[in-house]
Amino acid sequence: MNAAMKITALLVLKAAPETTDPVILANASDVSHFGYFQRSSVKEFVVFVGRTVASRTPPSQRQSVQHEEYKVHAYNRNGLCAVGFMDDHYPVRSAFSLLNQVIDEYQKSFGETWRSAKEDSAQPWPYLADALTKFQDPAEADKLLKIQRELDETKIIIHKTIDSVLARGEKLDSLVEKSSDLSMASQMFYKQAKKTNSCCTIL
Amino acid sequence: MQARHGQSSYRDRTDEFFGIVESRRRSIAPAAENNVPYGGGGRRREDPRSAAANQSEFSKRASLIGLAIHQTSQKLSKLAQLAKRSSVFDDPTREIQELTVVIKQEISGLNGALLDLQAVRNSHNDESNISRDTTTHSATVVDDLKNRLMDTTKEFKDVLTLRTENMKIQEDRMKFFSKISSKESANPFVRQRPLASKPSPSQPAPLPWANGSSSSSSQIVPSRQGEAESSPLLQQSQQQQQHMVPLQDTYMQSRAEALHNVESTIHELGNIFTQLATMVSQQGEIAIRIDQNMEDTLANVEGAQTQLARYLNSISSNRWLMIKIFFVLIAFLMVFLFFVA
């Protein structure tokens, strides 16, 4: 399941009402795994699909659309829409929590200025690029996933611990047996010695 | 009309009673009408008629109840058949629910009627001139009806449990199917159903713009069209499936599920830790025992060593004594030699 989950692009758009086209506010894409000549077309494709999906997402709704080999997840919150292009393996929940975080961060850093944006902003937003690289691993974005993963590791470790404790128990059992045998033997030895000591008058 | 269904442990003498009633009625026609309301009191003059009228009243009601029970059990068997049908697409949920409600009402109604009947019988028993046969008869009748009602209720419960199990199986199958198809391309549909109020218009909507788009690369457009054509088919089948699936995977539900998983995992871990602690404490006891054993062994061996040392001493000192005895013996020999020589 962990085979190559990746995010291809993250977009933040201002989703105007259905008639007008959404305005791109921030864009970060990772096109390194495409050939050099495809990169620009892929970028345009990302922009286009992002705009479309954002325009079709009603406010306060989440949506996921499958397109070719990507899943496009969109989360629209009061006009501010975050769109992410992920592959099929990326868990959907993590995708949406990531989009949540992105929107929160955007609102924190840019306040309400985006509402007045009329055309695509060309300046890159470093947070988005960082987020793209950081969240390639879905566990980073989704705390629940992280917790679950750590819990599973802990469970494995605990199972190993229990196995070793059981082995220790077995060894202790054998030790106890041997020590009790030893104690018996030494007791017999003592009695024997005392017996030979008591009848000393003969020779 | 008075026919009883199923085996009964009593003799059906309602016809005889009806005959008596008719004869009585013919003789004292006007007065008999006063006794139709049940539980006609202790009027001695009308006792025989009231007894007969009450008895026929009782038998009428008992027969009505028996008929109703029979009808209810028929409906129940129909419900059982419907519940057993576990086909994926043909789920008669509404009919089943209607039937369930109807049967429940009937059963509760029958319960009430049976209680009334029992009250009637008790009030009959207060009257003095009722024969023993009648009392046993009515008691048997009431018991029989109660038993039958109990059986019907039990069957009803079984059918309901069967129904819930089947529904669970169907849910799992739905999830299984929707998971399979979601691996291909169906997450949008599954997700959009609860979120968007009108999924169907939103899905064909991409088609016109996909067909009419003229943007960037031409590679995108044909692939879009291809996907759009295949999507309505998938969409219909999945919508059908989604009609069946009562629970659907929304974002919130998946989060709730994940939380539940985490909680149960933590719970299990707690259990495991407790067991671990128990095992370790038990092993601690074992270790203490081992320690004691070793100490005992040490003490024993030391005591034995002391004994042997003493023994050694005594043996070596014995040699001393031996030498002394030898000397004495040699002295004796010398004396003997002196005497002889």
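## Chain B

Among the contacts in chain B (heavy atoms within 4.5 Å) between residues at least 6 apart in sequence, 75% join residues at least 24 apart. The structure is a predicted model, in which local features need pLDDT of at least 70 and side-chain atom pairs count only at pLDDT 80 or more, while totals for chains, interfaces and linings use all residues. Residues are numbered from 1 along each chain as its sequence is written, and side-chain values use heavy atoms, with hydrogens and water left out.

Chain B has nine helices and zero strands, where helices (H or I, at least four residues) and strands (E, at least two) are DSSP runs numbered from the N terminus. Of its 341 residues, 34% are buried, that is, under 20% relative accessible area with a 1.4 Å probe and protein chains only.

## The sheet of chain A

In chain A, five strands form an open antiparallel sheet in the order S2-S1-S5-S4-S3, two strands being paired if DSSP finds at least two bridges between them. The edge strands, S2 (23-29) and S3 (61-67), each pair on one side only. S3(A) and S4 (residues 70-77) of chain A are joined in the antiparallel sense over seven bridges, and the bridge partner of A:Gln66 in S4(A) is A:Lys71.

## Helix H1 of chain A

Helix H1 (residues 39-56) of chain A has 18 residues and reaches 26 Å from its first C-alpha to its last, close to the 26 Å expected at 1.5 Å times one less than its number of residues. Buried residues in H1(A) include A:Val42, A:Phe45, A:Val46 and A:Val49.

Terms used:
Chains are lettered from A and ligands numbered from 1 in the order in which they are written. Buried means under 20% relative accessible area, exposed over 50%, partly exposed in between (1.4 Å probe, protein chains only).
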